Amino acid sequence: MKKYFKYGLLAVSLLLVLFYCLVDGSKLSPRNQPSEISSKLVHSINNCQGIAAKSVAHLNAFLEFQKLEIEGRKMHVFQQCMNDHGYMENPEWVKFAEPISQKEAETSGVSLNEAYEKFRRTQMVLIRMPHLHPLYWKISRESK
């Protein structure tokens, strides 16, 4: 009898956890953007990441600067692909990124351009941003 009680208690607790996750799941996955992310943007980012990866797949890097050059080419192809899909760099994001890049440049001892470019490359592939941070991509006026 104790055996059935233990298994029953375990099953009930698992069902309660599952119920909590389904009913109150919105609290478990925070909404980072005030409005929902466009599925077109998500599809474009995923598509362009694949194209950019394929564009440099044949290149081999033997030295450190070659790795940087390949990464630069990859991000250039990614940006051109996103531009072709009707997106452009968000001017609000640029204003947001400048003080962060400057602070990073001072703390890490690199140039402002290098800090900005590193931050830009990490942010341009993100789909969700923390609250009050603008997205990197904005729909260009020509594609509206």
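**Exercise 1.** Classify glutamate 64 as buried or exposed, and find its salt-bridge partner in this predicted model.

*Solution.*
Step 1. The relative accessible area of glutamate 64 is 53%. Exposed means over 50%, so glutamate 64 is exposed.
Step 2. The salt-bridge partner of glutamate 64 is lysine 67, with the closest N and O atoms 3.9 Å apart. The cut-off for a salt bridge is 4 Å.
Step 3. Lysine 67 has a relative accessible area of 46% and is partly exposed.
Step 4. Both residues belong to helix α4, and their spacing of 3 residues amounts to about one helical turn.

**Exercise 2.** Which residue forms a salt bridge with arginine 73, and where do the two lie?

*Solution.*
Step 1. Arginine 73 pairs with glutamate 69, at 3.1 Å from N to O.
Step 2. Helix α4 holds both residues, 4 residues apart, or about one turn of the helix.
Step 3. Arginine 73 is partly exposed at 42% relative accessibility, and glutamate 69 is partly exposed at 41%.

**Exercise 3.** Describe the salt bridge of arginine 121 and the network to which this residue belongs.

*Solution.*
Step 1. Arginine 121 bridges to glutamate 117, where the closest N and O atoms are 3.1 Å apart.
Step 2. The two residues sit 4 residues apart in helix α6 (residues 112–123), a separation of about one helical turn.
Step 3. Relative accessibility is 25% for arginine 121, which counts as partly exposed. Glutamate 117, at 24%, also counts as partly exposed.
Step 4. A network of salt bridges links Glu117, Arg120 and Arg121.
Step 5. Over the whole structure, a search finds 4 salt bridges.

**Exercise 4.** Which residues make the nonpolar surface patch of about 380 Å², and where does phenylalanine 62 lie?

*Solution.*
Step 1. The patch is made by Phe62, Leu63 and Phe65.
Step 2. Phenylalanine 62 is in the loop between α3 and α4.
Step 3. With a relative accessible area of 69%, phenylalanine 62 is exposed.

**Exercise 5.** How many disulfides does the structure hold, and which parts does the cysteine pair tie together?

*Solution.*
Step 1. There is 1 disulfide in the structure.
Step 2. Cysteine 48 is joined to cysteine 81, with an S to S distance of 2.1 Å.
Step 3. Cysteine 48 lies in helix α3 (residues 39–55) and cysteine 81 in helix α4 (residues 64–84), so the link ties together parts 33 residues apart in sequence.
Step 4. The angle about the S-S bond is -75°, and the link is left-handed.
Step 5. Both cysteine 48 and cysteine 81 are buried.

Methods
Residues are numbered from 1 along each chain as its sequence is written. This is a predicted model: local features need pLDDT of at least 70, side-chain atom pairs count only at pLDDT 80 or more; totals for chains, interfaces and linings use all residues. Side-chain values use heavy atoms; hydrogens and water are left out. A disulfide is a pair of cysteine sulfur atoms within 2.5 Å. Buried means under 20% relative accessible area, exposed over 50%, partly exposed in between (1.4 Å probe, protein chains only). Patches are made of residues with over 30% relative accessible area and no salt bridge: like charges are joined within 9 Å, nonpolar side chains (Val, Leu, Ile, Met, Phe, Trp, Tyr) within 5 Å. Accessible areas come from the Shrake-Rupley method with a 1.4 Å probe; for residues, only the protein chains shown count as cover. A salt bridge is a side-chain nitrogen of Lys or Arg within 4 Å of a carboxyl oxygen of Asp or Glu.
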